[in-house]
Amino acid sequence: MDLLNTLVDKGLRRELPTREEALAVLATSDDELLDVVAAAGKVRRQWFGRRVKLNYLVNLKSGLCPEDCSYCSQRLGSKAEILKYTWLKPDDASKAAAAGVAGGAKRVCLVASGRGPTDKDVDRVSETISAIKEQNEGVEVCACLGLLSDGQAGRLRAAGADAYNHNLNTSEATYGDICTTHDFSDRVSTVQQAQAAGMSACSGLIAGMGESDADLVDVVYALRELDPDSVPVNFLIPFEGTPLAKEWNLTPQRALRILAMVRFVCPDIEVRLAGGREVHLRSMQPLALHLVNSIFLGDYLTSEGQAGKDDLAMIEDAGFEVEGTDTTTLPEHRRQGCGEGACGSEDAGEDAEEPAAAAPSDDTRRDLVSVRRRGAGTDLPPNA
């Protein structure tokens, strides 16, 4: 297939594909799916071998967010029956993080709901970062606290944060359809502030919100222009009680094509399989490891994920290996300018016809969304 040969050649050279080529990946048929996965897999192995980086989420503050992001179970007006609690104490957050590190996680992601942190919140998170770093040698810490104000990125970096996550989520043209309390440029600005402070930027997208192929390509090209070190690809988890509860637009095959497109556009960037993989990829999750080089271990912010031991078994059975703290995530050419410790150690077209989305057999699939009831904010042990 000439398209795939071209994309592999470009990926091995770190050359940006055209938008028409990216759209053509999304338009491939299910009969061509394994060829697409194999081609993108060549690019993934060129830059990351067979390593899989594990990341672990700690939800520092859950629910009661004043923003109206339609996809989020923690949004203003959400009726989703999720865990709601205020800030975890630094010691409690550190204990939750330790469970993920013990399960093999190389990076701990500290997340808090809200528009953005106050200066007091930054102090609180800084204490948590220090506690985690003191107790877990070599672990990376990524903060995800919303929109940053002037000076806050520098304070987080000084406290030891290696990275900052703030996703673009969807294309600039359609951002107003999913959120009205802030805009696309606010998100871009926060990612740029993190980079300017010396933190490794982590920014990604959410697929499955009813967007077009052109929207998906637009957001991935916007991410490529921002040049983050990691790109999480989330698949919408349609929580009951949110405006997007009925948006069941993805099939496993569609999800794999999206991941392949992201890999071709971001060949040497850490592509992370994030929220919703269990919901939408289901039994085809192992195939995704040929496209991504990073996943979240265990549970997510407000939903439960696959058992940590099953994640590890899946990685081993698929012939991949967990990336340790003594190995390198990013290729050497991408480590220039990264925050200290953030990039690992030194060792190691618009006219394309858009395919119709396959209709799911069940419009609600409530059986696939499991609200988190364990780990941070509860008395039950975490899943790691």
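**View 1. Helix 3 meets helix 10.** Leu33, Val36, Ala39, Ala40, Val43, Arg44 and Phe48 of helix 3 touch Gln253, Leu256, Arg257, Ala260, Arg263 and Phe264 of helix 10. Contact means heavy atoms within 4.5 Å. By class, this contact has nine nonpolar, one polar and three charged residues. Ala, Val, Leu, Ile, Met, Phe, Trp, Tyr, Cys and Pro count as nonpolar, Asp, Glu, Lys and Arg as charged, and the others, Gly among them, as polar. The model is predicted: local features need pLDDT of at least 70, side-chain atom pairs count only at pLDDT 80 or more, and totals for chains, interfaces and linings use all residues. Residues are numbered from 1 along each chain as its sequence is written, and side-chain values use heavy atoms, with hydrogens and water left out.

**View 2. The crossing of helix 3 and helix 10.** The axes of helix 3 (residues 33-48) and helix 10 come within 9 Å and cross at roughly 40 degrees. Axes are lines fitted to C-alpha atoms, for helices over the stretch in contact, and angles run from 0 to 180 degrees between N-to-C directions. The crossing is left-handed (the near helix is turned anticlockwise from the far one by less than a right angle; clockwise is right-handed). Helices (H or I, at least four residues) and strands (E, at least two) are DSSP runs, numbered from the N terminus.

**View 3. Helix 9 packs on helix 10.** Helix 9 (residues 213-226) and helix 10 (residues 252-265) pack at about 35 degrees, with axes 10 Å apart. Their crossing is right-handed. Asp213, Leu216, Val217, Val220, Tyr221 and Arg224 of helix 9 meet Arg254, Ile258, Met261, Val262 and Val265 of helix 10. This contact has eight nonpolar, no polar and three charged residues.

View 4. Side chains of Asp218 and Arg19 form a salt bridge (2.7 Å, N to O). Asp218 lies in helix 9 and Arg19 in helix 2 (residues 19-26), so the pair ties together parts 199 residues apart in sequence. The structure holds 22 salt bridges (a side-chain nitrogen of Lys or Arg within 4 Å of a carboxyl oxygen of Asp or Glu).

**View 5. The largest cavity.** About 910 Å³ of space lies here. Of its 44 lining residues, Tyr71, Cys72, Gln74, Asn167 and Leu301 are closest to the centre. A cavity is a set of points on a 1 Å grid over the protein atoms alone where a 1.4 Å probe fits but cannot get out, and lining residues have an atom within 4 Å of a point. Grid points are joined across faces, edges and corners, and a volume is the space filled by probe spheres set on the points.

Note on methods:
1 Å grid on protein atoms, 1.4 Å probe; cavity = no way out; pocket = protein on both sides within 12 Å on 5 of 7 lines; lining within 4 Å.
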